[in-house]
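Please look through the sequence and the model shown here before reading the report on them.

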Amino acid sequence: MKLTIWQRLDVTVRSLFPFLITLMLVLAMALPLPAPSISHIMPLLPMIAIYYWIVHKPDLFPIWAVFVIGLIQDLLSGGPIGVSCIAYLWIYALVNGFRRRFASASFARVWHLFMLIAASAFVVIWLLNCLSLLTLVDPRPLLFQFLLTVAVYPCFAWLIARGQRPFERPFER
Amino acid sequence: MSKLAGSVSRVATPLRAWWPRITFVFLITLAFGLMMLGRSDAQLIERARIAVMDGVAPFLDLMTRPVDTVGDAIASAQELANLRSENERLKAENEALRHWESAAHNLNAENEALRRLTNMTPDPRLRYVSARVVGDPGGAFVRSALINAGTEHGIKRGQAAITGEGLIGRVADVGERSARVLLLTDMNSRIPVIVGNRRYRAVLGGDNSHQPQLLYLAPTAQIAPGDRVVTSGHGGVFPVGIPVGHVAQLTEDQAVVQPFVDWDHVEFLRVLDYELPGILNTLDQPVPGEVAGAASEKAN
């Protein structure tokens with residue numbers, strides 16, 4: 001099928017949507033909250049989005065997008081560079097490695113797998129932070145962050161699913 | 001022709017199958033490479049950080065305005081409710097402050113006279129730049145604030161950032177229209193301070209908790225909970241005597257400081273331009289003796 005230029009533009013915007021939504025969540029993480037103690041254990045929203053896209057729409061979220069989101073998050077946070085990149089690539093590899101378990105999995109099952117994969121990713125983040133700062137950093141904030149991230153997963157997964165519905169690709173069904 | 005196509009596909013097919021793995025390994029290596037680079041060559045990474053910060057700050061600025069407006073509306077409604085008791089309290093406070101004002105005038109005059117008497121060099125001029133906090137990007141391990149003022153407004157790296165209550169941190173990265181303030185609670189923050197009336201020197205070191213610690217305090221120093229902690233001005237970047245906090249807890253091996261800053265209500269802050277020619281310019285090359293400043297510069 002030959003596409004007109006508008007259709008092409010349309011397809012481009014639709015395929016960029018997952019990346020842009022995830023980028024928005026990276027920015028949302030940086031918003032100042034009235035209580036700073038909450039912002040230190042703020043759920044890692046980009047991780048939810050990245051996991052969601054890799055599981056449900058892998059063709060819309062290529063590996064370089066995973067890398068770029070991690071890089072922007074690291075540059076913005078002022079923490080060691082590369083930590084989020086590696087953690088998100090780790091999630092990417094795990095989901096693709098166990099791709100068969102996700103096939104026709106129920107929502108509860110996907111959430112449960114998210115808990116396991118996110119736990120391992122948070123361990124990776126902690127280890128890399130220790131490595132790059134050359135000290136044993138306190139893992140407690142990460143533990144709370146992990147619990148909150150898992151807790152808010154259903155809510156954000158639902159929002160993302162709702163948000164992307166109008167952007168489903170009409171030409172590739 | 002078909003033979004050639006066959007041999008191409010014989011190479012291309014396994015390559016295509018391996019392609020995702022090759023990309024994955026490449027990106028992982030790149031990420032580790034960037035991690036190493038971030039430790040050794042901070043310049044390049046810092047430029048990238050500044051670019052991202054400058055790009056993001058206007059969006060955050062826009063996004064935070066409604067949040068702040070709602071917060072302000074709630075606050076003014078609460079104020080309206082207890083206007084009367086607030087008025088009473090302020091009257092009492094005003095009376096007390098008037099007493100302090102006259103004391104301050106007397107002390108100032110006396111100070112001037114003594115300075116003239118001893119021919120002391122005057123303190124450098126102070127200039128303030130006020131900025132809005134538009135971001136709190138730190139995450140679990142970094143305590144920092146993004147503000148909407150940068151080199152355009154005269155902000156330079158290393159300057160002190162204060163709120164109405166006292167010191168909040170120092171400028172770590174500066175973009176054109178944005179800057180990142182490393183809060184004094186961050187574990188890379190090191191600020192030279194003076195403790196108590198007997199003016200013991202120490203370094204205030206953050207540990208990511210709400211209460212930073214006093215480091216390098218002389219073992220003979222006699223301090224007590226409640227002693228005021230102010231900046232010492234050692235290193236020449238910070239002015240002398242900015243209030244920081246008070247000693248909150250003392251154990252055998254550590255002294256913990258409660259900062260004056262009200263962390264829950266930091267919407268605006270002021271960056272101090274402390275004009276001490278010659279020292280700010282050499283900030284990038286650590287000056288011998290400026291141990292504390294240099295250590296935290298490197299850590300950034």
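**Chain A as a whole**

The model is predicted, and every value in this report is to be read with that in mind. The secondary structure of chain A consists of eight helices and zero strands, so that from the N terminus on its elements run α-α-α-α-α-α-α-α. The radius of gyration of chain A is 17 Å, close to the 16 Å that the globule rule gives for 173 residues, so chain A is as compact as a globular protein of that length. Along its principal axes the C-alpha trace of chain A spans about 60 × 30 × 30 Å, and 39% of its 173 residues count as buried. Among the contacts in chain A between residues at least 6 apart in sequence, 68% join residues that are at least 24 apart.

**Helices H3 and H5 of chain A**

Helix H3 (residues 45-56) and helix H5 (residues 83-97) of chain A pack with their axes 10 Å apart and at an angle of about 30°. Because angles under 35 degrees count as roughly parallel, H3(A) and H5(A) are described as roughly parallel to each other, and their crossing is right-handed. On the side of H3(A) the contact is made by Met47(A), Ile50(A), Tyr51(A), Ile54(A) and Val55(A), while H5(A) brings Tyr88(A), Ile91(A), Tyr92(A) and Val95(A). By class, this contact has nine nonpolar residues, with no polar and no charged ones.

**Where chain B touches chain A**

In the interface, 36 residues of chain B are in contact with 33 residues of chain A. The elements of chain B that give two or more residues to its side are helix H1 (2-40), helix H2 (42-81), strand E1 (126-135) and strand E2 (144-147), and the largest share, 11 residues, comes from H2(B). The residues on this side of chain B divide into 22 nonpolar, nine polar and five charged.

Definitions and conventions:
Residues numbered from 1 in each chain as written. Chains lettered and ligands numbered in written order. Predicted model: local features only at pLDDT ≥ 70, side-chain atom pairs only at ≥ 80, totals over all residues. Axes fitted to C-alpha atoms, helices over the stretch in contact; angles between N-to-C directions. Helix = DSSP H or I, 4+ residues; strand = E, 2+ residues; numbered from the N terminus. Parallel < 35°, antiparallel > 145°, perpendicular 65-115°, else oblique. Left-handed = near helix turned anticlockwise from the far one by under 90°. Contact = placed C-beta atoms within 7 Å. Nonpolar A, V, L, I, M, F, W, Y, C, P; charged D, E, K, R; others polar. Rg over C-alpha atoms; globule rule 2.2 N^0.38 Å. Buried ≥ 20, exposed ≤ 12 C-beta atoms within 10 Å, placed from the backbone.
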